[in-house]
Amino acid sequence: MIRLYDYELSGNCYKVRLLLGILGLSFERVPLDFYPEREHKQSWFLAINPLGELPVIDDAGVILRDAQAILVYLASRYDPAGQWYPRDPIALGHVSMWLGFADSLTRSAGAARLHDTMFYDVDIDKCRSNAHALFRVLDEHLWFAEQAGQDWLCAGAHPTIADLACFPYVMLSEEGGISRLPYPAIRRWTDRVKRIAGFTPMSGVFPAG
Ligand SMILES: N[C@@H](CCC(=O)N[C@@H](CS)C(=O)NCC(=O)O)C(=O)O
C-alpha cells in the first residue's frame, strides 16, 4: 500500500491526496506534526527526506519527495489511459511548464499562508505581490483558454496533474491575505476543479456548492 507522509493543512500534501482520491488508490497516511512541533525536521524524518519537507510517498520501496514529482509518478503508474499525465510531447511540455508554475505558487501564495497561519518569517509583501503576479498570468491564460472552449490549464477535454498541482495554493490564497476577487477566470476554474469526480476537500477548501 502507498504510504503518504502527510500534514492535513499542507497544500502540497493535499495535491497528492487529491490525485490519490481521484484515481481511487488506497493509501496509508503517516501524519506529521508540522506545526508547532516541526516533526518534519526531526532526525527520523530527515533520514527519509533530507530536505525536511512534506510530502513524501513510499510506494513499496519507491520513495519520492516533491509533490510535482509524486503526481508525475502516480499518474504515470496508476493511470494507464494517460489522461492525467498525457504522453504526447506538446502536452508533456505544457504540463511540465505548469508543474513548475505550481512550485512558484508554493513559494509565493503558500509562503504567505505559512506567514499568516504559522508565523513563518518571510517577506510577506514580496510573497503577496509575487502571488498576484502569478495569479494575473494564470487568470489571463484561463480566460483565453475559455475563449477557445478549454476548461483546463492544458489543451484537451480532460484535466491533468497540472490543474491539481496549481489548485491548492490558489484555493487557499485567502489564508495568506491574497484575494481572488480580481481573478474571475481563476474562480471559474477552481469551481470546475471542485467538480472533478473523486474530488476531496481539505480544511479551508470546501466542495462545490
Ligand atoms: N517543492 C516541494 C516543496 C515542498 C514544501 O515546501 N513543503 C512544505 C509543506 S507544504 C514544507 O515541508 N516546508 C518545510 C518547512 O517549511 O519547514 C514540493 O512541491 O513538494
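Author: Let us start with Thr 190, which counts as buried because its relative accessibility is 5% (buried means under 20% relative accessible area, exposed over 50% and partly exposed in between, with a 1.4 Å probe and protein chains only). This is a predicted model, in which local features need pLDDT of at least 70 and side-chain atom pairs count only at pLDDT 80 or more, while totals for chains, interfaces and linings use all residues. Residues are numbered from 1 along each chain as its sequence is written, and side-chain values use heavy atoms, with hydrogens and water left out.

Reader: Which helix is Thr 190 found in, and what is Thr 190 in contact with, leaving aside its neighbours within four places in sequence?

Author: Thr 190 belongs to helix H7; helices (H or I, at least four residues) and strands (E, at least two) are DSSP runs, numbered from the N terminus. Beyond its neighbours within four places in sequence, Thr 190 is in contact with Phe 167, Val 170 and Met 171, where contact means heavy atoms within 4.5 Å. A polar atom of the Thr 190 side chain also lies 2.9 Å from the backbone oxygen of Arg 187.

Reader: And Arg 192, is it buried or exposed?

Author: Arg 192 counts as buried, because its relative accessibility is 16%, and its place is also in helix H7, residues 184-194. The side chains of Arg 192 and Glu 146 are joined by a polar contact of 3.1 Å (a pair of N or O atoms within 3.5 Å; within protein, one must be able to donate a hydrogen and the other to accept it, and residues adjacent in sequence count only if both atoms are side-chain atoms). With neighbours within four places in sequence left aside, Arg 192 is in contact with Glu 146, Asp 151 and Trp 152.

Reader: Switching to the sheet, in what order do the strands come?

Author: The open sheet has 4 strands in the order E2-E1-E3-E4, with mixed pairing; two strands pair if DSSP finds at least two bridges between them. Strand E2 (27-31) and strand E4 (62-65) stand at the edges with a single partner strand each, so one side of each is left without a neighbour in the sheet.

Reader: How many bridges join E1 to E3, and which way do the residues of E3 point?

Author: Strand E1 (residues 2-6) and strand E3 (residues 56-59) run antiparallel and are joined by 4 bridges; Ile 2 has Asp 59 as its bridge partner in E3, and Leu 4 stands opposite Ile 57. From E3, Val 56 and Asp 58 point one way and Ile 57 and Asp 59 the other way, and all are buried. In a regular strand the side chains alternate between the two faces of the sheet. E3 and E4 also run antiparallel, with 4 bridges between them, and Ile 57 has Leu 64 as its bridge partner in E4.

Reader: Last topic, the ligand: how many residues surround it?

Author: The ligand is surrounded by 16 residues, of which the closest are His 40, Leu 54, Ala 67, Gln 68 and Tyr 120; a residue is near a molecule or strand if one of its heavy atoms lies within 4 Å of it. A polar side-chain atom of Asp 66 lies 2.9 Å from a nitrogen atom of the ligand, and a polar backbone atom of Ala 67 is 2.8 Å from an oxygen atom of the ligand.
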